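Open the model in your viewer and keep the sequence panel beside it. We will go from the whole chain to single residues.

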Amino acid sequence: MGIGGKSVDEALAALSDMTAGAVPIARDEHLARIERAQAFMRRQGIAAIYLNAGANLLYFTGTKWHASERMVGAILPATGALEYIAPAFERDTLIDFMLVEGQVNCWEEHESPYALFIDVLARMGIAANADLPPRIGICESAAFFIYDGIRPLAAGYRLENARAVTAHCRTRKSAAEIALMQRAMDMTLAVHVATASILREGITTVEVEEFIARAHRKVGAPGSYFCIVLFGAATAFPHGVSYVQTLKAGDTVLIDTGCKLHNYISDITRTYVYGEPSERQRFVWNAEKAAQQAAFEAAQLGVPCEEVDAAARRSLVSSGFGPGYKLPGLPHRTGHGIGLDIHEWPYLVGGDTTPLDVGMCFSNEPMICVPGEFGIRHEDHFYMTAKGPAWFTQPARSIDDPFGLAA
């Protein structure tokens, strides 16, 4: 139900802008994030962290800047005001993009930004100390050349991964963050419904991808943040294949896509059959649904992330898949965190013992891959509340009615 029957124009006409009332993260929330990080740093004995251009800089300061071969970021001390570091010729542009203001420390093109970094630490009162080196966290997303440039100049400092601070803050989403992700998920689910309706025999994966980009724009996104469209045997490859496929009757269809809304990301996969499902397709589809539900039910406050993955795998083994990563079965983790980045910590995977906490958000996608035949992935996301997990989007209903269109 809902698979095929509409033209591209009809499907697009049924969509409308869904962004009304969606509010970007405000400056006050960024300031509160900084305060929370600083309080955590003081408890942990971390003197300062460096936030590189990208998601971490955006999260704490609201300053949107893409990482490049030039060092651009911010130094956040455990106590005191945050300061930026940037090329001199970018100073005014950086100020224009700032949401949280701060002094901009500049370096000319022939100068070392790494020496400037050390100088700023000293001026902030974080002096080198050979006997008790101050702990300085370097953004985990910073390119190696930044760490490599700082390291020879950092005698008397202890350089370490800033992830302890950044992940502590970013993994626990606020109500405002969850609201933005909820809206983005709603937008992408509407796109999925529209996309299923335009399928026809002979349509190519490229045509479907182009429609999805147009549909995301119709609901108010800049376009698709990413898009994977697979037909038939290609659906057994979790992240796709290099060749274009053409749809035929009886093919499994797997579509994984998402968009951005005020920097927050959606990510939903739907899998169904074009035409009448075979008993084999129906069995695997239902086994996947059961594994996804088992993972959801296991996701309770305080439970280690790895236990959610284990619950999905137990369900799959009971259906005859696996064990472990063995195929036919689940070749990857059950899920990932999501927010400003599409894949964030923590992860629903063996070895990640992070206890589930209020505000954490995850994908739930224990995909079944059957090499040479097809793959089935149901991917929805959930967030942790004080009462346990809550879905952003309801899972697919059935292989015959994946979008719940039946009365």
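This is a predicted model: local features need pLDDT of at least 70, side-chain atom pairs count only at pLDDT 80 or more; totals for chains, interfaces and linings use all residues.

Residues are numbered from 1 along each chain as its sequence is written, and side-chain values use heavy atoms, with hydrogens and water left out.

**Stop 1: the whole chain**

Select everything. The C-alpha trace spans about 70 × 45 × 40 Å along its principal axes.

Color by secondary structure. The chain has eleven helices and 18 strands. Both are DSSP runs numbered from the N terminus: helices are H or I with at least four residues, strands are E with at least two.

Now color by accessibility. Buried residues make up 54% of the 407. Buried means under 20% relative accessible area, exposed over 50%, and partly exposed in between (1.4 Å probe, protein chains only).

**Stop 2: helix H7**

Select residues 163-170, which form helix H7. Six of its eight residues are buried. They are Val 165, Thr 166, Ala 167, His 168, Cys 169 and Arg 170. What do the buried residues of H7 pack against? Show helix H2 (27-44), strand E1 (48-52), helix H3 (55-61) and strand E13 (344-348). Contact here means heavy atoms within 4.5 Å.

**Stop 3: helices H10 and H11**

Select H10 (residues 279-298) and H11 (residues 305-318). They pack at an angle of about 150°, with their axes 8 Å apart. That makes H10 roughly antiparallel to H11, a term for angles over 145 degrees. Axes are lines fitted to C-alpha atoms, for helices over the stretch in contact, and angles run from 0 to 180 degrees between N-to-C directions.

Show the side chains at the contact. H10 brings Ala 287, Ala 290, Ala 291, Ala 294, Ala 295 and Ala 298. H11 brings Glu 307, Val 308, Ala 311, Ala 312, Ser 315 and Leu 316.

**Stop 4: Lys 326**

Go to the loop between H11 and strand E12 (335-337), where Lys 326 sits. Is Lys 326 buried or exposed? Lys 326 is exposed, with a relative accessible area of 52%.

Definitions and conventions: Angles under 35 degrees count as roughly parallel, over 145 as roughly antiparallel, 65 to 115 as roughly perpendicular and the rest as oblique.
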